[in-house]
Every structure is written in structure tokens, then in C-alpha cells.
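Hi there,

Here is the structure I promised to pass on to you. Have a look at it first, and then read my notes below.

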Amino acid sequence: MTSDRPRTSLLGTTALLFEAPGETTLETQRRIWAMAHEAAGFSGVREAVPGMNNLILAFAEPPRRREEIEQRLVELWNVVEPLPIAGRCIDLPVTYGGETGPHMADVVEHTGMSVDEIVERHSAPTYTVFALGSHPGYCYLGGMDGRIATPRRKVPVLRIPGGAVSIGGSQTGVSASDGPSGWNTIGSTQVAFFDVNRSPPALLQPGDSIRFRVVRVLR
């Protein structure tokens, strides 16, 4: 059951988690982004990190007045104006199916759609970067067509390559580096989402957008 009130809790001794009420929507994320901008200026805050429907405040040392900070966050949530979307939009060339999309068949089976229908529906929207997380450079994207939503895998895959384009539940994303995943990989891109020699290292930031451009579909 979804709460209609914000929640706060400690993460260890030097971080505080704020959880917004309601479902994850673009409007909610825009308020989270705005809160991050404001909260970054709180005394003692080392970093304000927007997440999916939440905000983490990392402190240089354990906060002494936790209750005051929590109340300040709740008050900020109630008055903050959603941050305008002013990010950039990039086209992402994607090869769908075949060896690059080893779980396409599972999405086909779950949705009852053809490969072409899935590719069409996956590549049609412009996706907004809601948050960064999971691993450096990884983007949580909003805007996927709910008709191609597919449950996460019961047994995670131990390694998928960087650039893997996957569906997990009602979300889609692109892996920024090699690693394990419980999502369904349906394609891949050669674009690097994280590069330590780049400034900033992450290719995209919350508020930016992605369009998946179909390069080819492998059978």
C-alpha cells in the first residue's frame, strides 16, 4: 500500500533517506530534483543524491539534529516547485535481438507481441532520466510503454555487458558497465555511459532524455 506521507530514515550514521509519497512519476521526480538542489545547501550536507522517488543526504559527520533536518525536508517537499526539464536529449543507436538481446524471446512470450512490435514500442518514446544509480553512469528511465513491461528475471544473469538495453518490470535502462542483472536484455548500444576521463564521468544527468534509434533487428 502506498503511503500518502513522506518518510525519512537513517542510512548508517552519516546519511538520511527521504522517501516521497505516491507512485514514481515525472512530476514527483522533478520535485525530488528541486529538493536535491535546495538540500545540497543544508549545513553539514556533503552530497544530495536524487533517486527514484527518494532523496539521500550524505553528511560529513553524523547529524546532531536529525529531527530538525527531517522536518525541514518534509516542509520542503510540501512547498517545492517541480524543477523544469532543461536537460539535453541524445539519440542512442541500438541493435535489437540476436546475441545482443538474449532475452527478447522472454519478452515476446510474456507480452504476446512480435519482435517488431516490441522494438517499435520500445523505441517510440522519448525517455527522461529520472535518476542515476545501481552502478556509476546507470540511468533509471521513465516513459516506457506499459504494454511491453516484463517481470524481472527469477534468476539474475551473472554478467551482462556494458551497453546492454534491458527491461525490468515497467522500466527500461542501459547498463553502463559489465555486471550482473535481473533485467531482460533485448538489445545493445556502443555508447559509453561512464568514462572516468570525461568531465563529468557520467554521460547523462537527471532531467536529460534518451531516444532509442533502431540500427537493426537481429532474428
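**Overall size**

With 219 residues, a compact globule would have a radius of gyration near 17 Å, and the protein agrees with that because its own value is 19 Å. (The radius of gyration is taken over C-alpha atoms, and the globule rule is 2.2 Å times the number of residues to the power 0.38.) Along the principal axes, the C-alpha atoms fill a box of roughly 60 × 40 × 35 Å.

Some ground rules before we go on. This is a predicted model, where local features need pLDDT of at least 70 and side-chain atom pairs count only at pLDDT 80 or more, while totals for chains, interfaces and linings use all residues. Residues are numbered from 1 along each chain as its sequence is written, and side-chain values use heavy atoms, with hydrogens and water left out.

You'll find 4 helices and 13 strands in the protein. (Those are DSSP runs numbered from the N terminus: helices are H or I with at least four residues, strands are E with at least two.)

**Two domains**

The protein splits into domain 1 (7-79) and domain 2 (89-217), with bounds that come from an automatic or database domain assignment. Between the centres of domain 1 and domain 2, taken over C-alpha atoms, there are 28 Å. Domain 1 puts 8 residues into the contact and domain 2 puts in 9 residues, where contact means heavy atoms within 4.5 Å.

How much area do domain 1 and domain 2 bury between them? About 590 Å², with 78% of it on carbon and sulfur atoms. (Buried area is the accessible area, with a 1.4 Å probe, that two parts lose on being put together, summed over both.) Leu-26, Trp-33 and Met-52 supply 71% of what domain 1 buries against domain 2, more than any other three residues.

Across this interface the rule finds 2 residue pairs in polar contact, both at pLDDT 80 or more. (A polar contact is a pair of N or O atoms within 3.5 Å; within protein, one must be able to donate a hydrogen and the other to accept it, and residues adjacent in sequence count only if both atoms are side-chain atoms.) Helix H1 (residues 26-39) gives the largest share of the side of domain 1 that touches domain 2, namely 3 residues.

**Salt bridges**

The count between domain 1 and domain 2 is 0 salt bridges, but for the protein it comes to 10. (That takes a side-chain nitrogen of Lys or Arg within 4 Å of a carboxyl oxygen of Asp or Glu.) In one of them, the side chains of Glu-19 and Arg-7 meet at 3.6 Å, N to O. This pair links distant parts of the chain, 12 residues apart: Glu-19 sits in strand E2 (residues 15-19) and Arg-7 in strand E1 (residues 7-11).

Most residues other than glycine have a negative phi, and most peptide bonds are trans. Now look at Asn-53, where phi is near 70°, a positive value. Asn-53 is in the loop between strand E3 (45-50) and strand E4 (54-59). A cis peptide bond joins Ser-199 and Pro-200, with omega about -5°. Pro-200 lies in the loop between strand E12 (184-188) and strand E13 (209-218).

Happy browsing!
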